Amino acid sequence: HAIVEQVIADLKSSALAHLPSGRFTANASWLALACLAFNLTRAAGALASRRHAHATTPTVRRQLVAIPARTSHSARAQTLHLPADWPWQDAATALFDTLRAPPLVA
């Protein structure tokens, strides 16, 4: 029960706090998109670091999604430029490198 309750609390504190309409179909679509965003955020946190794998959605969003960085392209390579003393630099770099890596061959 503890894991399910944490997931429901996490969803209620983010996207489910603001259901858009009194119509069932609009709210059903909102719920589906909220669950999709939640799962993508969980996956990004798990790829970034062990600490972010157990963090709440607002924490992952604040520390890994809304990052003060810029990207540059040079010689067909993409580079992520982060601030010098940013505390979550290792986690953001690990996530960026994992997402940019070629897919694993089965």
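Helix H1 (residues 2-13) contributes the most to the lining of the largest pocket, with four residues. The structure is a predicted model, in which local features require pLDDT of at least 70 and side-chain atom pairs pLDDT 80 or more, while totals for chains, interfaces and linings use all residues. Residues are numbered from 1 along each chain as its sequence is written, and side-chain values use heavy atoms, without hydrogens and water.

By class, the lining residues comprise five nonpolar, three polar and two charged.

In helix H4 (residues 57-65; helices are DSSP runs of H or I, at least four residues), Thr57, Thr59, Val60, Gln63 and Leu64 are buried (under 20% relative accessible area, with exposed over 50%; 1.4 Å probe, protein chains only). These residues lie on the same side of H4 because they cover an arc of only 155 degrees around the axis, taken from the directions from the helix axis to the C-beta atoms. Arg62 and Val65, on the other side of H4, are exposed. The buried residues of H4 pack against H1, H2, H3 (50-53) and H5 (89-100).

Asparagine 27, in helix H2 (residues 24-48), counts as buried because its relative accessibility is 17%. Beyond residues up to four places away in sequence, asparagine 27 touches Leu19, Pro20, Ser21 and Gly22 (heavy atoms within 4.5 Å).

How values were computed: Helices (H or I, at least four residues) and strands (E, at least two) are DSSP runs, numbered from the N terminus. Ala, Val, Leu, Ile, Met, Phe, Trp, Tyr, Cys and Pro count as nonpolar, Asp, Glu, Lys and Arg as charged, and the others, Gly among them, as polar.
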